[in-house]
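Please look over the sequence and the structure shown here. The text after them goes through some of the features that can be computed from the atoms.

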Amino acid sequence: MKKNYFFLIFLSTNIALVFFHIYKQSVIIKLSYEKQRKEQTIEDYIQEKKELEQIMEQLKNRAGIKAFANNQLSMHKARLSDIHCLDAKEEHAISHCS
Amino acid sequence: MQSHTVHKIRIVMVFLGFMGVYSIALINLFIIQIKNNKFFSAMGQSQYNVTVTQYPPRAFIYDRHGQPLAMNKDSIAAFITPNNLTNPIALKKFLKKNFPQAYERLLEHQQDHFMYIKRRLTPAEISQLEQVDLEDIQFIKEPSRYYPLEGSGPIVGITDIDNQGLFGIELQYNEQLSGSPSTYYVEKEGRSNHCYFKKETKVQGTTGTPVTLTIDGMLQFLVYEELKEAVHHWKAREGSVIILDPTNGDILAMANYPDFDPNSTTELDLEKTKNKIITEVYEFGSVMKTFPAIAALEEGAVTPEEIIDCENSKSTYVDGIKVNTWKGHGLLPYEKVIELSNNIGTAKVTKRLGPVLYDHLKRFGFGEKTGIEFPGEQKGFINHPRNWSKQSLYSLSFGYELNATLLQLACAYGMIANYGKPVRPRLTLGCNNGSPNHMSGTRYSSTIMNIINNILAKTVTEGTARRAHIQNYSIRGKTGTANLIGLDGKYNPDRNIFTFACIVEKNGYIRVIVNFIKEIEQKDIYASSVAVPLSESIAHKMLIHDKVL
């Protein structure tokens with residue numbers, strides 16, 4: 001009787017361990033897949049960021065901005081004589097007005 | 001008894017039947033597991049175990065303020081699998097009409113597993129391929145480059161179809177920008193084909209390291225626009241400008257025109273891809289007179305006040321050698337000879353120097369590479385005294401028999417701006433970002449350099465470069481108009497190169513601007529009308545940009 005009981009316990013413990021092992025592996029695989037999905041999402045965001053950066057740089061195109069300033073805003077080349085440096089009094093007066 | 005025999009036969013039959021089935025199974029197992037073990041295990045390995053090589057993204061190239069000059073973008077490539085086509089007739093018809101080169105390749109490689117139709121497709125080509133709705137045509141993304149700054153092509157360079165540097169900084173720093181690939185051992189998941197069970201790193205690669213240039217992106221654009229306008233205005237063949245900070249050797253702008261668009265490289269004119277400031281040499285003419293003058297002053301062969309007889313003529317003979325000049329002048333103090341760029345006076349003084357002039361030109365770095373980190377730098381040429389003819393010394397005195405790059409000329413003027421300290425030019429900011437980059441020692445005394453700086457200042461206020469004068473700023477410079485050699489090997493007075501080198505200074509802020517405009521339509525004109533106004537308008541933009549007011 002004791003012998004049978006021992007075999008039963010031994011067998012059921014082994015079966016339980018096998019099932020636990022399978023469960024552990026499936027959890028590892030599930031988490032690994034989840035990690036890979038997250039990595040893929042990061043990749044997608046990096047890709048999107050890269051595309052947006054490129055669009056942003058295209059929008060900053062200096063030649064286009066210059067053409068817009070010249071044609072749409074009628075702006076012209078600045079020379080040093082066009083620039084007036086404010087002295088302390090003038091600067092104070094402007095800041096006071098604003 | 002009879003039924004017992006039948007029963008026995010049945011048992012034997014069933015036994016034999018089972019034995020037969022088991023034998024077949026065993027034989028099959030033997031064939032698969034033992035006899036063809038290598039074949040099937042290799043097949044299994046190839047289906048589930050894969051070695052993947054991943055290339056890191058190419059690193060960016062930045063200007064000195066961190067603005068990108070070269071960045072990554074994905075380009076689209078179209079491909080087919082020639083040995084596995086579903087509709088070969090329609091595909092061939094389409095390719096023959098729209099992509100004849102791909103059609104030719106397909107005819108030659110019909111059994112291949114993979115073939116590109118075209119790489120780096122244009123948006124028009126992508127929409128054309130998408131609209132045709134052929135299952136056999138597939139697309140993949142490939143890395144390529146985008147260059148946001150107009151006019152930076154000859155400096156930054158481009159990459160080839162495999163994203164490897166082809167010229168310019170892209171070539172110079174190709175390994176640094178590319179990094180190295182990583183290799184992984186992956187156990188694939190059989191069903192989804194997207195996930196893996198296990199990933200092991202076999203070779204750990206390195207990511208690319210960005211390169212930061214000394215170029216100021218905005219200044220580069222401003223200079224490029226001015227140069228472009230000047231080249232169009234004068235209907236010139238080409239022009240170049242360089243701006244150098246002589247205190248640390250940083251090249252802040254370097255523009256060539258005509259140049260090329262690095263974002264559209266389907267048809268490249270190789271001539272336009274060159275950064276001629278570094279890779280081409282020229283005979284600059286009178287702009288070089290500054291250096292024999294420094295040599296003569298240093299050697300004590302002349303003083304600034306000594307009166308030189310310029311013979312009041314545009315042409316004369318010095319020691320039997322004919323010397324021409326742009327305008328006749330009479331008796332002039334030597335400093336005026338330089339200010340007014342008189343060849344006769346210059347030749348007479350340089351004659352006193354003899355072969356020692358060669359050593360002085362070498363001291364300014366002519367005939368030697370500057371060591372700038374850029375592919376294809378030219379070292380230029382100075383005729384050695386042992387090869388001199390009777391004419392050579394006079395030719396050298398006003399900038400002939402000596403060719404140099406515009407970079408060498410800028411560095412030589414940088415040395416004058418530094419009062420004798422030589423400058424080592426640099427195009428990239430490395431670990432010594434912002435720190436001084438002087439070469440050791442002082443090559444000329446500050447007394448001599450003071451004298452020459454005064455002469456160059458008077459050249460702008462009273463001499464040939466009056467158009468470069470800007471109120472409240474110290475501008476010092478020298479003009480040069482040189483004839484170019486024609487196909488017949490003789491100097492052609494109708495083909496000229498107009499050069500101006502100047503130093504702009506105010507309250508410790510100091511820059512060297514050197515430019516040339518080559519081969520304009522108009523005749524009988526000098527650098528004072530062509531190159532000087534260009535430098536002046538560049539100086540205005542630079543000073544406003546740098547807020548030196």
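**Helix α4 of chain B and beyond**

On the other side of α4(B), B:Q101 and B:E108 are exposed, where exposed means over 50% relative accessible area, buried under 20% and partly exposed in between (1.4 Å probe, protein chains only). Helices (H or I, at least four residues) and strands (E, at least two) are DSSP runs, numbered from the N terminus. This is a predicted model, in which local features need pLDDT of at least 70, side-chain atom pairs count only at pLDDT 80 or more, and totals for chains, interfaces and linings use all residues. Residues are numbered from 1 along each chain as its sequence is written, chains are lettered from A and ligands numbered from 1 in the order in which they are written, and side-chain values use heavy atoms, with hydrogens and water left out.

Helix α4 of chain B spans residues 100–108, and its buried residues are B:A102, B:Y103 and B:L106. They sit on the same side of α4(B) because they cover an arc of only 105° around the axis; the arc is that of the directions from the helix axis to the C-beta atoms. Among the elements that cover these buried residues are β3, α3 (88–98) and β4 (115–118) of chain B. Contact here means heavy atoms within 4.5 Å.

Next comes the interface of the two chains. The contact takes 31 residues from chain B and 22 residues from chain A. Together chain B and chain A bury about 2,400 Å², with 56% of it on carbon and sulfur atoms; buried area is the accessible area (1.4 Å probe) that two parts lose on being put together, summed over both. The interface holds 5 salt bridges, a salt bridge being a side-chain nitrogen of Lys or Arg within 4 Å of a carboxyl oxygen of Asp or Glu. B:E225 and A:K66 form a salt bridge through their side chains, at 2.6 Å from N to O. On the side of chain B that touches chain A, β3 (68–80), β5 (138–146), β7 (196–203), α9 (217–233) and α19 (527–545) each supply at least two residues. The most comes from α9(B), with 6 residues.

B:E226 pairs with B:K541, the closest N and O atoms being 2.9 Å apart. This pair links helix α9 to helix α19 of chain B, 315 residues apart. B:E226 counts as buried at 4% relative accessibility, and B:K541 counts as buried at 15%. B:K228 forms a salt bridge with B:E150, with 3.7 Å between the closest N and O atoms. Here the link runs from helix α9 to the loop between β5 and α6 (153–156) of chain B, 78 residues apart. B:K228 is partly exposed at 24%, and B:E150 is partly exposed at 28%.

Over all chains, the whole structure has 36 salt bridges. One of them joins the side chains of B:E125 and B:K118 at 2.6 Å, N to O. B:E125 is buried at 16% relative accessible area, whereas B:K118 is partly exposed at 27%.

Last, B:D250 lies in strand β10 (residues 250–257) of chain B. B:D250 is buried, with a relative accessible area of 0%. Apart from neighbours within four places in sequence, B:D250 is in contact with residues including B:R64, B:T214 and B:L429.
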